[in-house]
Amino acid sequence: MTANAAPGFDELPVPLALGSTFFHPAIEQVRKFADAVEDPDGWRVGDPSDGLVHPLFLATYVWFPSGFLRRAPGEAGHFELFRERYPHLVGTPFLHSRSAARFCRPFALGRPVRADVAVIAKDRRRGRDFIVMRASFFDADGRALAQFEHACAIRGNGAPSAAAPRPSAPVAAEPGTVLPPRRIEMTLEKSRLFSLPGENHHTDDRRAQALGARVAIPAATMSFAYLSRFAQDQFGEEAWMARGRLDATFTRMLQRDDVLEVGGHRCADVLDLAIRNGRRETVAVAMAGLNRR
């Protein structure tokens, strides 16, 4: 590689700071995403007059502006920051393979939120190039809100498969108390609510079929939201917002019209979770727990 040449994947320096970006979350946007994943509280917490929102909402900025109704000047999603700098390293399809979250506190609507974004790891598996992006969120007073790590394949070797190669799954807990499962109907309407206004493989069968999928593929971030809500029901909203940690691996793509079951086991203060579709295929596995203060 010459001094002026764009780096290839092998030369990509890691860790790599991608910079900071500021967001201005709006209540309409919060409700849109929350309604799509059947959250009855709309991701609002505490006294409604305080305008506080669950930090889970911040996970949606990985693919921003996809799914957002409007965009303020200067806002850029995590993946967009990478693609703007290294467009030659990004191909299609790119796949979301894993997300991890550490929650600290809710954020207030009407105040800016800052995200410091960096690439912290890279890997090549079976012809796919993976990067892991870390986004650390802070409120206007510099207080930590949440930290997310998202792994995605930035360039593939053909059409996405139902079981594309993934980074290693979280280590399972010892079997414990069986948790009552939750049933979810994954409809195209919910996927469109989550991912519109821009049509893409999440919202349209024909666009998904152009990538080799059978039908529209709901966003993996929806699975992440279902897992977070399930864990919150176990630990309580206040503890989950302030100390929750969730590590999820997306093992198989969702499909519109799937009937999902979220369930798992609890051993002490650790949850071993999974989402399975109506064909009893595992589409996501996760570990959840509470950090010490």
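Tutor: An angle between axes counts as roughly parallel under 35 degrees, roughly antiparallel over 145, roughly perpendicular from 65 to 115, and oblique for the rest. The model here is predicted: local features need pLDDT of at least 70, side-chain atom pairs count only at 80 or more, and totals for chains, interfaces and linings use all residues. Residues are numbered from 1 along each chain as its sequence is written, and side-chain values use heavy atoms, leaving out hydrogens and water.

Student: Why are α1 and α3 called roughly antiparallel?

Tutor: They pack at about 155°, with axes 8 Å apart. That angle is over 145, so roughly antiparallel it is. Touching there (contact means heavy atoms within 4.5 Å) are Lys32, Phe33, Asp35 and Ala36 of α1 and Lys190, Leu193, Phe194 and Ser195 of α3.

Student: Which residues of α3 are buried?

Tutor: In α3 (residues 188–195) they're Leu188, Lys190, Ser191, Phe194 and Ser195, buried being under 20% relative accessible area with a 1.4 Å probe, protein chains only.

Student: How do you know that the buried residues of α3 line one face?

Tutor: Look down the α3 axis: they fall within an arc of 160°, so they sit on one face. Their cover includes α1 (27–36), β9 (177–186) and α5 (220–235).

Student: What makes tryptophan 43 count as buried?

Tutor: Its relative accessible area is 5%, which is under the 20% limit, so tryptophan 43 is buried. You'll find tryptophan 43 in the loop between α1 and β2 (44–45). Its phi is near 65°, a positive value in a residue other than glycine.

Technical notes: Buried < 20%, exposed > 50% of the residue type's maximum accessible area, 1.4 Å probe, protein only. Helix = DSSP H or I, 4+ residues; strand = E, 2+ residues; numbered from the N terminus. Arc of directions from axis to C-beta. Axes fitted to C-alpha atoms, helices over the stretch in contact; angles between N-to-C directions.
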